[in-house]
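Here is a short report for a first look at this structure. Start with the view below, then follow the contacts one by one.

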Amino acid sequence: MEARTLWQALTRLRFPLGPWPWRAVAYLVSGGLVGAAACAVFLLLGLFSVLLVGLPLLLLSGLALGGIERRRLRLVDLDPAPDPHRVPTAPGLAAWLRLRAGEQATWREFAYALLLATVLWPLDLLAVAVGIGLPVLLLGAPVQLAVDGHEAKVVKAYLVTSYPEAFAAALLGAALLVALLYPLAAFAGARAALARALLTPRETGQHGAIGEVIASRSRLVDAFEAERRRIERDLHDGAQQRLVALTMTLGLARLDAPPDGPLADQLAKAHAEAGQVLTELRELIHGIHPQVLADYGLGPALADAADRSAVPVATDVELPRLPDSVESAGYFAGCEALANIGKHSGATRARITARHADGVLRIDVEDDGRGAADPAGGTGLTGLADRIAVLDGTLTIMSPPGGPTLLRVEIPCPALTTGSAPAASSASSSPRTASSSGRD
């Protein structure tokens with residue numbers, strides 16, 4: 001099996017004859033050159049940073065150097081060195097800078113850049129000078145003697161006055177060249193391991209995949225919400241208008257039909273059926289994404305849901321405008337809770353409390369029903385918990401046998417406005433809450 005890293009190559013008998021020693025030398029030499037350039041850049045940016053002009057560039061310089069170093073790793077490590085940085089979720093330079101400034105990878109790259117610019121690059125060049133320079137100088141002893149004609153001072157310390165001595169020095173240089181390739185390569189491997197530890201993602205591939213799944217799931221939720229709204233608009237502007245026209249046409253046809261005849265009876269049934277379909281369609285449209293939620297926010301939408309509840313519901317809601325996905329999840333959580341109260345709890349009254357404080361939306365739905373709500377009894381609360389989890393929120397149910405039941409939704413989110421939506425404190429009716437229902 002072919003070696004993929006310098007460490008693997010070091011265990012092979014043919015290591016001195018292969019390309020890996022020269023890869024190690026190329027890695028160390030290029031590291032010395034890159035480090036010297038980084039040192040000069042850091043000194044220049046350091047001077048400007050005294051006036052706070054070069055400070056941002058100084059802090060972000062590790063990003064560019066990190067990319068270069070990950071590419072240089074290919075000289076001694078054929079395994080991929082992935083970029084540890086995440087892709088910004090919002091466009092623009094400001095979003096990119098905020099994301100980079102908050103990432104650990106950015107600061108690890110900056111630390112590596114400082115280390116390379118101050119300590120590592122002199123060590124790289126010193127290792128090459130000892131491991132390659134010393135043997136090469138010994139190998140060149142016969143050439144030095146031939147140029148001088150009388151004597152040659154090898155490595156500035158060893159005086160050679162005859163060709164037998166010169167060739168003996170050359171043989172020693174050849175032996176040292178082979179022998180020093182191993183520690184030189186080991187040093188290059190250690191350098192590469194340090195670079196990989198600081199410049200590549202620390203989480204395992206599985207953790208990275210989980211993070212990507214979470215991000216993609218959030219994007220799918222946003223796309224799903226957009227699709228729901230599109231369906232709502234299509235139903236409102238298309239199918240509903242056609243049903244209204246059909247209902248009016250059937251009503252006019254009833255006026256023109258002979259009274260007390262079979263045709264009048266059929267038209268009356270058709271007119272009533274069309275009216276019922278129109279009512280159900282309006283309820284469906286309202287359930288997809290109510291207009292009050294889009295226009296006025298979560299507070300009025302929860303108050304409206306409480307007004308339509310089958311059980312009297314008191315509301316205590318004071319909320320600012322929140323992100324669309326959070327308002328949608330909060331609204332459907334409240335509706336699901338009220339629906340479960342009406343279907344399963346046997347409650348005579350309920351209460352919704354909603355607040356946004358310290359960057360967290362908290363919705364409490366309480367009822368005086370029989371309690372013993374069990375999420376395992378149905379998919380309503382389980383699906384609701386999954387939907388809230390996409391937004392890094394939590395769903396908590398406290399429902400001892402005999403009641404009361406409390407369903408609490410907590411979703412971390414920023415407020416979009418400082419003003420509060422109108423609060424409501426009333427009794428209402430509609431079918432949905434968190435009481436004794438995990439059964440939907």
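The side chains of Asp316 and Arg351 form a salt bridge, 3.7 Å from N to O. A salt bridge here is a side-chain nitrogen of Lys or Arg within 4 Å of a carboxyl oxygen of Asp or Glu. Asp316 belongs to strand S3 and Arg351 to strand S4, so the pair ties together parts 35 residues apart in sequence. Asp316 counts as partly exposed, at 22% relative accessibility. Arg351 also counts as partly exposed, at 33%. The cut-offs are under 20% relative accessible area for buried, over 50% for exposed, and partly exposed in between (1.4 Å probe, protein chains only).

## Basis of the model

This is a predicted model: local features need pLDDT of at least 70, side-chain atom pairs count only at pLDDT 80 or more, and totals for chains, interfaces and linings use all residues. Residues are numbered from 1 along each chain as its sequence is written, and side-chain values use heavy atoms, with hydrogens and water left out.

## The chain as a whole

The chain has 13 helices and 7 strands. These are DSSP runs, numbered from the N terminus: helices are H or I with at least four residues, strands are E with at least two. Of its 440 residues, 41% count as buried. The accessible surface comes to about 23200 Å², and carbon and sulfur atoms hold 65% of that. Areas come from the Shrake-Rupley method with a 1.4 Å probe; for residues, only the protein chains shown count as cover.

Arg70 is in helix H3 (residues 55-72) and Glu109 in helix H5, 39 residues apart. Both Arg70 and Glu109 are buried. Salt bridges link Arg70, Asp83 and Glu109 into a network.

Arg196 and Asp77 also meet through their side chains, at 3.0 Å. Arg196 lies in helix H7 (residues 163-199), while Asp77 is in the loop between H3 and helix H4 (93-101). They are 119 residues apart. Asp77 counts as buried, at 10% relative accessibility.

## Aromatic rings

The whole structure holds 5 aromatic pairs. Rings of Phe, Tyr and Trp (its six-membered ring) pair if their centres lie within 6.5 Å; planes under 30 degrees apart are stacked, over 60 edge-to-face, and the rest tilted. The Phe42 and Phe110 rings have centres 6.3 Å apart and planes at 20 degrees, so this pair is stacked. Phe42 is in helix H2 (residues 20-49) and Phe110 in helix H5 (residues 104-139), so the pair ties together parts 68 residues apart in sequence. Phe42 is buried at 12% relative accessible area, and Phe110 is buried at 13%. Ring pairs link Phe42, Trp107 and Phe110 into a cluster.

Tyr331 and Phe332 have ring centres 5.3 Å apart and planes at 75 degrees, so they pair edge-to-face. Both Tyr331 and Phe332 are buried.

## A covered helix

Helix H11 (residues 298-307) is mostly covered, with 8 of its 10 residues buried. Among the buried ones are Leu298, Pro300 and Leu302. The buried residues of H11 pack against helix H10 (291-296), strand S3 (313-318), helix H12 (324-345), strand S4 (350-357) and strand S5 (360-367). Contact means heavy atoms within 4.5 Å.
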